[in-house]
Amino acid sequence: MSGTHGTTSSAGPTTDPVPPEATAATGEAGARQDALDAVTRRAREVIPEEGIITDHQRLRTYECDGLAHYKVTPALVVIPETTEQLAAVVRACAEHELPFVARGSGTGLSGGALPRADGILIVTSRMRAIREVRREDQRAVVEPGVINLDVTRAATPYGYYYAPDPSSQQICSIGGNLAENSGGAHCLKYGFTTNHVLGAELVTPDGDVVELGGMAPDAPGYDLLGAVVGSEGTLGIVTAATVRLVRVPEEVRTLLAGFESTDHAGAATSAIISAGIVPAAIEMMDALAIEAAEAAVHCNYPAGAGAVLVIELDGAAVEVEHEFGEVERLCRENHAFELRVATDPAERALIWKGRKSAFAAVGRISPDYIVQDGVIPRTALPEVLRAIAELSESSGVRVANVFHAGDGNLHPLVLFDDAVEGAGAAAEKVSGAILDLCINHGGSITGEHGVGIDKAAYMPRMFNDDDLDTMQLVRCAFDPQNISNPGKVFPTPRLCGERPGRRKGAHPLQESGLAEVF
């Protein structure tokens, strides 16, 4: 079982690339090296030399993403600047059946961009063009390496912004956001990335460049774009995305509410939503998360709070004014002992600073931690949070909670010290138990961070073999050679001795005449 270790630097498996001397090897290893050499030559033909990395020490720069527990040194890193360059490399990979993995800023937290030791890492960080901002259509066309926040910066002069805002929005890239269907605080009202992507330029696993969707709000036929967003790079690499822009609201009001317990904060959250109010964001932090944020950024949250809510409403000024009064009343009715309303942008920024910095801030109170990501029905919040607290107490493993309360997307931070023997294993056990809690309460093993390599082993807890095989049929339709980010999302091998790869034999849907394998 694996975990997302935000600060661990030495734990976890590390794999070196295939060494140069392997060129002389025979058999499968020799064939793999020949394929790598051929793809490297092709890459050098189309990509400037500064975009080709073969030096071992420089390759190690890319050995992990935000899931630092797992490290694999790629055999080759290429950094294309154009779709044509990227597609040429993918075509070469397809010709030689060499696996490839796409990576943007590397902020993913489930190991979705973990490289292959026998494959190529294709880094899109130099594809940073904002090709077009169309105010009249409320659309922007951006390349995958564009930083999330830069889309908003480009749209702001026109009175618009890009709504999906992961906590890492200052450094995460749009390509990664699409791959993981990332969310953020304001997805409660505005929806996740998939709700804001209208079209994509996709390099398929065989190197073709295709267009999915477009400027129009809907496209006829199968929703292939919907399949690609959130597919974690297993269906190809997006090289441009057409995204929806949202009008900058007339009014924004932000409130910080302090509660004695997460039970009261959870009850307030449900009361607000039940009243028909949809805030732009409702974020919750428990006492341990508050302690970490205070240590890191001195956000001055209410002293003695067992939980705080950060609540933000936006929209027409009259509507916001009315609903804000209701939110204040509902918070008090649910035992908020302190309310603070931001009166200017500086106070609003300070309220958000504590929440936005919480993940990194936990490093102030624990040398290592697992960032878990599960989602539950919002009404189950009090019960699940109590169960997490009981898990923490019975195991002796501390758990800090900071999450999107409005849509039930939990981010428990499981704290441990990897220098203590057995501490990492205990933390992973608690982390897995939290995912079981999510599943048992009708939720999911991921709300926005993806499955990646981190939670592939948990997929059978949510889906049966037929479900997983059907998903594999979709994947195989895009990637019959299984070279596009292989080893992610799906639990392989499923059985002892089973070789990872495409399903062997007829699928039940084939046998019943309901589906075909392409």
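Select helix α13 first: its buried residues are L381, P382, V384, L385, A387, I388 and S392. Buried here means under 20% relative accessible area, exposed over 50%, and partly exposed in between, with a 1.4 Å probe and protein chains only. Helices (H or I, at least four residues) and strands (E, at least two) are DSSP runs, numbered from the N terminus.

The model is predicted: local features need pLDDT of at least 70, side-chain atom pairs count only at pLDDT 80 or more, and totals for chains, interfaces and linings use all residues. Residues are numbered from 1 along each chain as its sequence is written, and side-chain values use heavy atoms, with hydrogens and water left out.

Keep α13 selected and display what lies over its buried residues. The cover includes α8 (262–274), β15 (281–286), β20, β21 (409–410), β22 (412–416) and α14 (423–440). Contact means heavy atoms within 4.5 Å. A distance between the end C-alpha atoms of α13 gives 21 Å, which agrees with the 21 Å that its 15 residues should span at 1.5 Å a residue; the expected span is 1.5 Å times one less than the number of residues.

Step next to G396, which follows α13 and has a positive phi, near 75°. Then select V397, in the loop between α13 (381–395) and β20 (399–404). V397 counts as buried because its relative accessible area is 8%. Leaving aside residues up to four places away in sequence, V397 touches S392, V414, L415, A426, A427 and V430. A C-alpha distance from V397 to G424 comes to 9.9 Å, although 27 residues separate the two along the chain.

Move on to F416, in strand β22. With a relative accessibility of 6%, F416 is also classed as buried. Its C-alpha atom lies 9.6 Å from that of E428, twelve residues away in sequence.

**The nonpolar cores**

Select I311 and C331 next. Within the largest nonpolar core, which has 42 residues, these two touch the most other members. A nonpolar core is a set of buried Ala, Val, Leu, Ile, Met, Phe, Trp, Tyr and Cys residues joined through side-chain atoms within 4.5 Å. Helix α14 supplies the largest share of this core, six residues. At least three residues come from each of domain 3 (249–365) and domain 4 (366–450), with bounds taken from an automatic or database domain assignment.

Which residues does I311 touch, not counting those up to four places away in sequence? They are R253, T254, L255, I272, P279, A281, I282, V327 and C331.

**The four-stranded sheet**

Now select β2, β4, β6 and β5, which in that order form an open sheet with mixed pairing. Two strands pair if DSSP finds at least two bridges between them. Strands β2 (52–53) and β5 (100–103) stand at the edges with a single partner each, so one side of each has no neighbour in the sheet. Strands β4 (residues 76–78) and β6 (residues 120–123) are parallel and share three bridges; V78 stands opposite I122 in β6.

Axes are lines fitted to C-alpha atoms, for helices over the stretch in contact, and angles run from 0 to 180 degrees between N-to-C directions. Helix α3 (residues 83–96) lies across β4, β5 and β6 and runs at about 165° to β6.

**The five-stranded sheet**

Select the open sheet of five strands, ordered β7-β8-β12-β10-β11 with antiparallel pairing. At its edges are β7 (130–134) and β11 (209–213), each pairing on one side only. Neighbouring strands are turned by 10° against each other on average, direction ignored.

Zoom in on β10 (residues 197–203), joined to the antiparallel β11 by five bridges. A200 has L212 in β11 as its bridge partner. Five residues lie between the strands of this hairpin, where G207 takes a positive phi near 95°.

**The whole chain**

Finally, display everything. The chain holds 17 helices and 22 strands, and 55% of its 518 residues are buried. Of the contacts with a separation of 6 or more, 73% join residues 24 or more positions apart.
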